Amino acid sequence: MTAAEQNSVPEPALEPVLREDRLDFAPTADRVSFSRRRTARLVREWGYPGLAGDAALLVSELATNALLHGVVRGRLLRVRLVLTATTLRVAVSDPWGERLPVLRAATSEECYGRGLLIVASIADRWGVESRTVGKTVFAELTLRRGPDAPVGPRELRAGPPHARTEVTPR
């Protein structure tokens with residue numbers, strides 16, 4: 001079993017997909033900001049304006065990580081949004097499957113290294129799925145009591161087994 005398979009978190013039991021969007025793009029910084037704006041707009045249009053900001057931030061962090069750590073020349077990155085009756089799933093795929101994300105604490109002197117901490121503090125669940133070529137890093141937001149309900153406190157965020165962390169509620 002490869003490291004990617006050991007650290008992957010399987011996709012949840014299949015629920016009917018209510019809405020789905022997929023965008024393949026060249027790995028450039030302007031495409032990350034475009035993906036963030038597109039995500040916020042789609043989530044609002046899908047009837048969840050209260051989740052639009054969190055979903056946009058998740059896309060921004062995951063796509064930036066893919067841009068910094070998952071680029072292979074000539075290959076595209078993919079942002080995928082999936083809405084079911086209970087979950088909004090944000091997933092970013094890149095072609096570099098050997099390089100898995102690691103949750104870590106950045107020092108105060110470091111400019112980088114906080115992206116997954118942000119993802120873990122916002123998402124109800126996050127993880128990594130291996131692909132034939134590359135990997136997908138996903139984050140899920142649980143839909144609560146209507147589209148504008150506050151996301152509310154979460155006790156435990158589950159990422160890859162090596163990256164479980166307790167995060168205090170926002």
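Visitor: In this predicted model, is Glu140 buried or exposed?
Guide: The relative accessible area of Glu140 is 8%. The cut-off for a buried residue is under 20%. Glu140 therefore counts as buried.

Visitor: Which residue forms a salt bridge with Glu140, the closest N and O atoms being 2.5 Å apart?
Guide: The closest N and O atoms of this salt bridge, 2.5 Å apart, belong to Glu140 and Arg89. Glu140 lies in strand β5 and its partner in strand β3, so the pair ties together parts that are 51 residues apart in sequence.

Visitor: Which residues are linked with Arg89 in a network of salt bridges?
Guide: Counted by the salt-bridge rule, the structure has eight salt bridges. Arg89 belongs to a network of them, and Glu140 belongs to that network too. The residues linked with Arg89 are Arg125, Glu129 and Glu140.

Visitor: Which residue of β5 is the bridge partner of Arg89?
Guide: β3 and strand β5 (residues 135-142) pair in the antiparallel sense over eight bridges. Arg89 lies in strand β3, and its bridge partner in β5 is Glu140.

Visitor: In what order do the strands of the open sheet stand?
Guide: The sheet has five strands, with antiparallel pairing. Its edge strands, each pairing on one side only, are β1 and β4 (125-130). Neighbouring strands are turned by 15° against each other on average, direction ignored. The order is β1-β2-β3-β5-β4.

Visitor: What angle does the direction of α2 make with that of β1?
Guide: α2 packs on the sheet, where it touches β1, β2 and β3. The angle between its direction and that of β1 is about 170°.

Visitor: What is the angle between the directions of α3 and β3?
Guide: α3 also packs on the sheet, touching β1, β2, β3 and β5. Its direction and that of β3 make an angle of about 15°.

Visitor: Which elements do the buried residues of α2 pack against?
Guide: The buried residues of this helix are Val32, Ser33, Ser35, Thr39, Ala40, Leu42 and Val43. Arg41 also lies in helix α2, but at 35% relative accessibility it counts as partly exposed. The elements packed against are β1 (19-25), α3 (49-69), β2 (77-83) and β3 (87-94).

Visitor: How far does helix α2 reach from its first C-alpha to its last?
Guide: The helix covers residues 29-45, which makes 17 residues. At 1.5 Å a residue the expected value is 24 Å, and the model comes close to that. Helix α2 reaches 25 Å.

Visitor: Which residue follows α2 with a positive phi?
Guide: The phi of this residue is near 100°. The residue that follows α2 is Gly47.

Visitor: How many of the residues of β3 are buried?
Guide: In a regular strand, side chains alternate between the two faces of the sheet. Thr87, Arg89, Ala91 and Ser93 point one way from β3, and Leu88, Val90, Val92 and Asp94 point the other way. Both sets are buried, and the count for β3 is eight of eight.

Visitor: Which residue stands opposite Ala91 in β5?
Guide: Six bridges join β2 to β3, and the two run antiparallel. A hairpin of three residues joins them. Across this pairing, Arg80 stands opposite Ala91 in β3. In β5, the residue opposite Ala91 is Phe138.

Visitor: How far apart are the closest N and O atoms of Lys135 and Asp94?
Guide: These two residues form a salt bridge. Lys135 lies in strand β5 and Asp94 in strand β3, so the pair ties together parts that are 41 residues apart in sequence. Lys135 is buried at 4% relative accessibility, and Asp94 is buried too. The closest N and O atoms are 2.9 Å apart.

Visitor: With which residue does the side chain of Arg78 meet in a salt bridge?
Guide: The N to O distance in this salt bridge is 2.6 Å. Arg78 lies in strand β2 and its partner in strand β1, so the pair ties together parts that are 54 residues apart in sequence. The partner is Asp24.

How values were computed: Residues are numbered from 1 along each chain as its sequence is written. This is a predicted model: local features need pLDDT of at least 70, side-chain atom pairs count only at pLDDT 80 or more; totals for chains, interfaces and linings use all residues. Side-chain values use heavy atoms; hydrogens and water are left out. Helices (H or I, at least four residues) and strands (E, at least two) are DSSP runs, numbered from the N terminus. The expected span of a helix is 1.5 Å times one less than its number of residues. Buried means under 20% relative accessible area, exposed over 50%, partly exposed in between (1.4 Å probe, protein chains only). Contact means heavy atoms within 4.5 Å. Two strands pair if DSSP finds at least two bridges between them. Axes are lines fitted to C-alpha atoms, for helices over the stretch in contact, and angles run from 0 to 180 degrees between N-to-C directions. A salt bridge is a side-chain nitrogen of Lys or Arg within 4 Å of a carboxyl oxygen of Asp or Glu.
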